[in-house]
Amino acid sequence: MPSEPTIIPVTGSNPAENYDVVVGNGLLGRLPDMLGERVRRVLVIHPRALRTTGDTVRDELAATGLTAVTAEIPDAEEGKHIQVASFCWQVLGQNDFTRSDAIVAVGGGAVTDVAGFVAATWLRGIKVVHIPTSLLGMVDAAVGGKTAINTAEGKNLVGAFHPPAGVLADLDALATLPKNELLSGMAEVIKCGFIADPAILDLVEANPEAVADGASDVVRELVERSIGVKAEIVSSDLRESGRREFLNYGHTLGHSIELAERYQWRHGAAVSVGLVFAAELGRTVGRLDDATADRHKEILSSLGLPVTYRKDRWSALLDGMRRDKKSRGDLLRFVVLDGLAKPSMLEVPDTSLLFAAYQEIASEPQGGIRLSL
Ligand SMILES: NC(=O)c1ccc[n+]([C@@H]2O[C@H](COP(=O)([O-])OP(=O)(O)OC[C@H]3O[C@@H](n4cnc5c(N)ncnc54)[C@H](O)[C@@H]3O)[C@@H](O)[C@H]2O)c1
Ligand SMILES: O=C(O)C(=O)C[C@@H](O)[C@H](O)[C@H](O)COP(=O)(O)O
Ligand SMILES: [Zn+2]
């Protein structure tokens, strides 16, 4: 017997920004209702790797009488490029998409980010529904309305806040997700554990095998708890004027590593190192206790996620971190913990503090683990 879906509501400052994140199995039949009655044309954006899934979604929509077309885009970070957005704008234009039409994103976080960006910009904003197919997409990228593409200078440097009309997190998709991708998504799950819901950490530590099995009840509970953390935070601060910054825990260094690695590391792998760095920074400035700081390295490495980064890249990493969105002028700002589930901001005018924390995670150049396909 398939279990009932769980519905996690996200609210905005006006009712047009309210939507549901549905978690469960076999959810595709809910898509037409989520799109709403006025939609006539739908563009399904998917990566090459998920052509069959994209076609299934298109056919399902066409069977309900909608005009449904697909746009196949490059896989992973190669999709988060201005030329890919431009290609999607061209498809929308050639198919006469109006303001009452919609986009459906089918794929991992890279796809929901770029498809969300296309939806935010086409005619200054049309509806988007996300169908995340990776763990990371389900627990993080598809929820909250941040959309983005990368530029040569860094990660997510161009984007908009554009909440979806709904999210279908269909756990059946995890059946084909490679294990390293599932574990990469666990970095964001663990982030949620450290910033807001320590029960997540207990669950991961108590169930090492189930965590690596996308069909397990433990994974479902982790998905729901992580979405719960994100939904609660973005409902109170969609445009990141305050506590939404806490969701960026581990990302200041993480994004800089992704750039330094020319996006050959998965986001979750880079965030894993970034989380350990942020914990060391918290410890270095005397805010975070040893046990909680050490727990970062222990739990992430128990999943095979990387917790060190090559020591010869510091200067490039520092350069990349200056372009982090939390920076203000010359001032670098980091999310640190004052204790478990007590995130706060740390302004760092003196980069020697950062260098000291970096020494705690620095390894010989061959020491990094590559979590890419
Ligand atoms: N907008 C946000 O709030 C937010 C939050 C977190 C991360 N992100 C972004 O999300 C991206 C990372 O997302 P990701 O980890 O999903 O990476 P991804 O989208 O690059 O997908 C990883 C790989 O998994 C494959 N894949 C996805 N679903 C699959 C499935 N069901 N079966 C088989 N293969 C599948 C993809 O084709 C790709 O090769 C980054 O660009 C990151 O910046 C955005
Ligand atoms: O939703 C948020 O806010 C986050 O920071 C979640 C992050 O996991 C995510 O990677 C996000 O895309 C990072 O945003 P950015 O503003 O640092 O580009
Ligand atoms: Zn992230």
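Which residues line the second largest cavity? Select Asn248, Gly250, His251, Thr252, Leu253, Gly274, Phe277, Ala278, Phe334 and Val335, which together form that lining. This is a predicted model, in which local features need pLDDT of at least 70 and side-chain atom pairs count only at pLDDT 80 or more, while totals for chains, interfaces and linings use all residues. Residues are numbered from 1 along each chain as its sequence is written, chains are lettered from A and ligands numbered from 1 in the order in which they are written, and side-chain values use heavy atoms, with hydrogens and water left out.

A cavity here is a set of points on a 1 Å grid over the protein atoms alone where a 1.4 Å probe fits but cannot get out, and lining residues have an atom within 4 Å of a point. The second largest cavity holds about 40 Å³ of space, and α10, α11 (267-284) and β11 (332-337) each supply at least two residues of its lining. Colour that lining by class and you will find five nonpolar, five polar and no charged residues.

Next, select Lys155, His255, Gly320, Arg323 and Asp324, which lie nearest the centre of the largest cavity among the 14 residues that line it. The volume of this largest cavity is about 110 Å³. Now show β8 (154-161), α10 (251-260) and α13 (314-321), each of which supplies at least two residues of the lining, with α10 giving the most, five residues. By class, the lining of the largest cavity has three nonpolar, six polar and five charged residues.

Terms used
1 Å grid on protein atoms, 1.4 Å probe; cavity = no way out; pocket = protein on both sides within 12 Å on 5 of 7 lines; lining within 4 Å. Points joined across faces, edges and corners; volume = space filled by probe spheres on them. Helix = DSSP H or I, 4+ residues; strand = E, 2+ residues; numbered from the N terminus. Nonpolar A, V, L, I, M, F, W, Y, C, P; charged D, E, K, R; others polar.
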